[in-house]
Amino acid sequence: QVQLIESGGGVVQAGGSLRLSCAASGRSFSTLSVGWFRQAPGQDREFVATITVSGGYTFYGDSVKGRFTISKDNANNIAYLQMDSLKPEDTAIYYCAADARVVAGATESNYDYWGQGTQVTVAS
């Protein structure tokens with residue numbers, strides 16, 4: 001049983017930064033790949049970032065590459081999404097997801113465990 005609890009969402013001015021956190025219980029992040037996805041009203045869910053089980057490999061969606069950074073603190077079972085240079089189009093509900101695959105990748109259906117989501121609003 002894996003439970004993911006997200007925090008850190010809120011309202012931020014365009015150009016600012018925000019860090020989202022995802023705390024895991026039931027299984028250590030040392031044995032899970034982690035991904036972040038987002039969804040705006042009326043739009044499809046979009047891949048944001050992922051990190052492998054070891055934490056040694058990360059990759060990002062094209063729309064956030066160079067601005068967002070995913071990381072894992074396996075000792076404390078917390079994953080992060082650092083968001084810099086935020087734009088109004090980044091406004092969405094952000095979801096943390098995890099899976100036992102060594103490399104879960106950008107495919108939503110690969111992830112078995114999901115957080116509740118946290119709202120990020122970027123004001124212009």
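**Notes on the salt bridges, disulfide and cores**

1. Arg45 comes out as partly exposed, since its relative accessibility is 31%. Please keep in mind that we are looking at a predicted model. The side chain of Arg45 meets that of Glu108 in a salt bridge, at 2.9 Å from N to O. This pair links distant parts of the chain: Arg45 sits in the loop between E4 and E5, while Glu108 sits in the loop between E9 and strand E10 (113–114), 63 residues apart. Glu108 is likewise partly exposed, because its relative accessibility is 33%.

2. How many salt bridges does the structure have by the rule used here? The count comes to 6. With Glu46, Arg38 forms a salt bridge of 2.8 Å, N to O. Glu46 has a relative accessible area of 31%, so Glu46 is partly exposed. Arg38, by contrast, is buried with a relative accessible area of 5%.

3. Arg38 also has a salt bridge with Asp90, where the closest N and O atoms are 2.9 Å apart. Here too the pair links distant parts of the chain, with Arg38 in strand E4 and Asp90 in the loop between E8 and E9, 52 residues apart. Are Asp90 and Arg38 buried or exposed? Both are buried. If you want to view the charged residues together, select Arg38, Glu46, Arg67 and Asp90: salt bridges that share partners join these into one network.

4. Now to the cysteines. There is 1 disulfide in the structure, and it joins Cys22 to Cys96 with an S to S distance of 2.1 Å. The angle about the S-S bond is -80°, and the link of Cys22 and Cys96 is left-handed.

5. The largest nonpolar core has 29 residues. Which of them have the most contacts inside it? They are Phe29, Trp36, Leu81, Met83 and Tyr94. Among the elements that give two or more residues to this core are strand E3 (18–25), strand E4 (33–39), strand E8 (78–83) and strand E9 (92–99). A second, separate core has 5 residues, including Phe37, Phe47, Ala97 and Ala104.

6. Setting aside its neighbours within four places in sequence, Phe29 is in contact with Leu4, Cys22, Ala24, Val34, Val53, Lys72, Asn74, Asn77, Ile78, Ala79 and Ala98. Cys22 in that list is the disulfide partner of Cys96, and Lys72 and Ala79 turn up again below as bridge partners.

7. On strand pairing, E3 and E8 run antiparallel and are joined by 6 bridges; Leu18 has Met83 in E8 as its bridge partner. E7 and E8 are antiparallel too, with 6 bridges between them, and Lys72 is the bridge partner of Ala79 in E8. E7 and E8 make a hairpin with 4 residues between them, and Asn77 in the turn has a positive phi of about 55°.

8. Val12 is part of strand E2 (residues 10–13). Why does Val12 count as buried? Its relative accessibility is 12%, and buried means under 20%. The C-alpha atoms of Val12 and Val122 are separated by 5.0 Å, although the two residues are 110 apart along the chain. Beyond neighbours within four places in sequence, Val12 is in contact with Ser17, Leu86, Thr121, Val122 and Ala123.

9. Finally, take a look at Asp99, which lies in strand E9. Asp99 is buried, with 2% relative accessible area. A polar atom of the Asp99 side chain lies 3.1 Å from the backbone nitrogen of Asp112. Aside from neighbours within four places in sequence, Asp99 is in contact with residues including Thr31, Leu32, Ser33, Ala104, Tyr111 and Asp112.

How values were computed: Residues numbered from 1 in each chain as written. Predicted model: local features only at pLDDT ≥ 70, side-chain atom pairs only at ≥ 80, totals over all residues. Heavy atoms only, no water. Core = buried A, V, L, I, M, F, W, Y, C linked by side-chain atoms within 4.5 Å. Buried < 20%, exposed > 50% of the residue type's maximum accessible area, 1.4 Å probe, protein only. Contact = heavy atoms within 4.5 Å. Pairing = 2+ DSSP bridges. Disulfide = S-S within 2.5 Å. Salt bridge = Lys/Arg side-chain N within 4 Å of Asp/Glu carboxyl O. Polar contact = N/O pair within 3.5 Å; in protein donor to acceptor, adjacent residues only side chain to side chain.
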